[in-house]
Amino acid sequence: MQFDLKQFLRTGRVPYAAALECDLSGWDWPGYEPVGPVNGEFSAALGGNGKAQLHLSLNAEVTAPCARCLEPAFRSQSIERDWSVGPDDLESGELELPVSEKGVLDIDELAFQELVLELPTVLLCSADCQGLCPVCGQPKAAGCSCCPAGPQEPAANQGLAILKELLSEDSH
């Protein structure tokens, strides 16, 4: 969706509002994918100071492999953002919004940027996910026969067991 911000700043006497349904599935997401379209609302109103008051509201669901066990993990995210943009901001070139040289705001790009910035870089299937078994590689939550029921020494430390024995002999 495109919004002519430059034109709105010149003639926007009537507030603008639109429902959003952005299909961002083909975009380059960092490790996760949206589940269905991103929904929300975009609005703009001209303030008394001559600046456009922009508001973006988004609701999205994403999925990615769990960072611990690789099972599917889901996350719902809601975002509310506001910006104040004036004619001088458009001309300065320092505006942090995806606005073209002609003053057109790309709302799909804005939605994508805001979601990528807000979503965590690591998704977990649950807060208490135990991860994968270091022996067989199966998710620990599914249970595996190679892991003892009690606490065990991590696999990375098992290879150093000979050093532990040597140290314990020296201390006697």
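I counted rings of Phe, Tyr and Trp (its six-membered ring) as a pair if their centres lie within 6.5 Å, calling planes under 30 degrees apart stacked, over 60 edge-to-face and the rest tilted. The model is predicted, and local features need pLDDT of at least 70, side-chain atom pairs count only at pLDDT 80 or more, and totals for chains, interfaces and linings use all residues. Residues are numbered from 1 along each chain as its sequence is written, and side-chain values use heavy atoms, with hydrogens and water left out.

**Entry: aromatic rings**

I searched the whole structure and found 7 aromatic pairs. One of them is the tilted pair of Phe-3 and Phe-8, at 5.4 Å centre to centre with 50° between the planes. Phe-3 also forms a tilted pair with Tyr-16, at 5.0 Å and 35°, and this pair joins strand 1 (residues 2–4) to strand 2 (residues 16–22), its partners being 13 residues apart; strands are DSSP runs of E, at least two residues, and helices runs of H or I, at least four, numbered from the N terminus. I noted that ring pairs link Phe-3, Phe-8, Tyr-16 and Phe-42 into a cluster.

Phe-3 has a relative accessible area of 6% and is therefore buried, whereas Tyr-16, at 29%, is partly exposed (buried is under 20%, exposed over 50%, partly exposed in between, with a 1.4 Å probe and protein chains only).

**Entry: Leu-124**

I located Leu-124 in the loop between helix 3 (107–118) and helix 4 (155–158), and found Leu-124 partly exposed at 30%. Beyond its neighbours within four places in sequence, Leu-124 contacts Cys-66, Ala-67, Arg-68 and Ala-73, contact meaning heavy atoms within 4.5 Å. Arg-68 lies 56 residues away from Leu-124 in sequence but 6.9 Å away in space, C-alpha to C-alpha.
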